[in-house]
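Hello,

Here is the structure we talked about, ready for you to open. My notes on it come just after.

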Amino acid sequence: MNEREARERLVAAARRMRDLGLNPGRSGNASLRFGAGFLVTPTGLAYERMEPEDIVLVEAASGAARGRRAPSSEWRLHRDIYARRPEAGGVAHTHSPHATTLACLRRPIPPFHYEVAFAGGSDIRCSGYATFGTQALSDGALAALEGRRACLLANHGAVAIGTTVEEAVELAERVESLARLYWQALQVGEPVLLDEVEMDRVVEKFRTYGK
Ligand SMILES: [Zn+2]
């Protein structure tokens, strides 16, 4: 994949997040691992106006950004995920409505449905709160992502990791869907949770699912 193709893929993934309703307004951002760093969506640019030339290349080691725009304010989060998670090829950060609702309640998503295991374990954790764009936000997110591919960010949104950026967006969509279902179930009563033995079984089945 050359840089032009990578930029086009990232713009397509970012637009897909917007089309899925995962990123109201100009919120959220996405990236994919590239060369000695990563390509990331720019800060404060409407998704419908985003072109491949607007994508910013960030060097992992120095954090130096190259492009006609400034990188997303959450570029540290993306950098740290690529540094700490060698399997990550793409990252999607959303402010999707239901995931963000739970994040504002600082409520993790428990094993109320077996598909919670798509995020890699028996729950989807919620990080502690930190100001957007800070190293503290990144540190909190990395802790909540331990052994997981997705987490909620307190009073903020959610983040999902994939082997590709398309996979990250797909997982972000699934997290939003699970958050909506969990929230709906809470309107009626207390959802029945699956136990650790069952969730371990599902995590294991998902390891080979679709492969
Ligand atoms: Zn955000």
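This is a predicted model: local features need pLDDT of at least 70, side-chain atom pairs count only at pLDDT 80 or more; totals for chains, interfaces and linings use all residues.

Residues are numbered from 1 along each chain as its sequence is written, and side-chain values use heavy atoms, with hydrogens and water left out.

**Overall fold.** The protein has 6 helices and 7 strands (DSSP runs numbered from the N terminus: H or I of at least four residues for helices, E of at least two for strands). From the N terminus, their order is α-β-β-β-β-α-β-α-α-β-β-α-α. The C-alpha trace spans about 50 × 35 × 30 Å along its principal axes.

**Zinc site.** Three histidines coordinate the zinc ion through NE2, namely His 93, His 95 and His 156, at 2.0 to 2.1 Å. Donors here are N, O and S atoms within 2.8 Å of the metal (3.2 Å for Na, K and Ca); water is not among the atoms, so the site may look incomplete. Along the chain, the donors follow the spacing H-x1-H-x60-H. His 95 sits in the loop between strand E5 (90–94) and helix H3 (97–104), and His 156 in the loop between strands E6 (150–153) and E7 (157–162), so this pair ties together parts 61 residues apart in sequence. His 95 is partly exposed, with a relative accessible area of 25%, whereas His 156 is buried at 11% (buried is under 20%, exposed over 50%, partly exposed in between, with a 1.4 Å probe and protein chains only).

Best wishes
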